[in-house]
Amino acid sequence: MKILRCTGLKTGRVTRQTIHAITGMMSSQASPQVIGRIARAQRGIEAVRHVRDTTFAEDASRIRTGHGPASMATLRNPAINTLRDAGRNNIAAGLREVSCTRFTRPLDLLGLPVTCDAT
């Protein structure tokens, strides 16, 4: 199977790249539309992994055994999605703002009430 990818649309220069992939699907199942959908979904997954690695240094994490890595990824994904829902495109800057401004800011972002009992 060959996938033709066109890139550089923002710069005005169109480059073509042929990608070879292997699939277990039968030829009757592997229509160009299905393969294209699979390829686009994979790019979306890689984009999330890139954000997790660059912002949270996931590849450098010392958590490597059992369910630890999957559990941490499960905790990081809602943090990224919450910041994106709040209009933040730069996740690292959003995390800095949330963690440095006030201790109640993460709760405000989630829409949770804050009660402080100093008794």
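**Terms and values**

Tutor: Start with R76, which is found in helix α2 (residues 68–85). Helices (H or I, at least four residues) and strands (E, at least two) are DSSP runs, numbered from the N terminus. This is a predicted model: local features need pLDDT of at least 70, side-chain atom pairs count only at pLDDT 80 or more, and totals for chains, interfaces and linings use all residues. Residues are numbered from 1 along each chain as its sequence is written, and side-chain values use heavy atoms, with hydrogens and water left out.

Student: Why does R76 count as buried?

Tutor: Buried means under 20% relative accessible area, exposed over 50%, partly exposed in between (1.4 Å probe, protein chains only). R76 has 11% relative accessibility, so R76 counts as buried.

Student: What makes the pair R76 and E58 a polar contact?

Tutor: A polar contact is a pair of N or O atoms within 3.5 Å; within protein, one must be able to donate a hydrogen and the other to accept it, and residues adjacent in sequence count only if both atoms are side-chain atoms. The side chains of R76 and E58 make such a contact at 3.0 Å.

Student: Which residues does R76 touch, leaving out those up to four places away in sequence?

Tutor: R76 touches R52, F56 and E58. Contact means heavy atoms within 4.5 Å.

Student: How do you know what span to expect for α1?

Tutor: The expected span of a helix is 1.5 Å times one less than its number of residues. α1 has 25 residues, and its first and last C-alpha atoms lie 36 Å apart, close to the 36 Å expected.

Student: Why is T55 counted as partly exposed?

Tutor: T55 has 24% relative accessibility, so T55 counts as partly exposed. T55 is in helix α1. Setting aside neighbours within four places in sequence, T55 is in contact with I91, A92 and L95.

Student: And what makes A57 worth a look?

Tutor: A57 has a positive phi of about 50° although A57 is not a glycine. A57 sits in the loop between α1 and α2. With 38% relative accessibility, A57 counts as partly exposed.

Student: What makes a set of residues a nonpolar core?

Tutor: A nonpolar core is a set of buried Ala, Val, Leu, Ile, Met, Phe, Trp, Tyr and Cys residues joined through side-chain atoms within 4.5 Å. The largest one here has 5 residues: V51, I80, L83, I91 and V98. α2 and α3 (91–100) each supply at least two residues of this core. In soluble globular proteins, nonpolar side chains tend to be buried together.

Student: Which residues is I80 in contact with, beyond its neighbours within four places in sequence?

Tutor: I80 is in contact with V51, R52, F56 and I91.

Student: How many helices and strands does the protein chain have?

Tutor: There are 4 helices and 2 strands. From the N terminus on, the order is β-β-α-α-α-α.

Student: What is the average pLDDT of the protein chain?

Tutor: pLDDT is the predictor's confidence in each residue, from 0 to 100. The protein chain averages 77, and 78% of the residues score at least 70. Among the elements, strand β1 (residues 2–7) has the lowest mean pLDDT (55) and α2 the highest (88).
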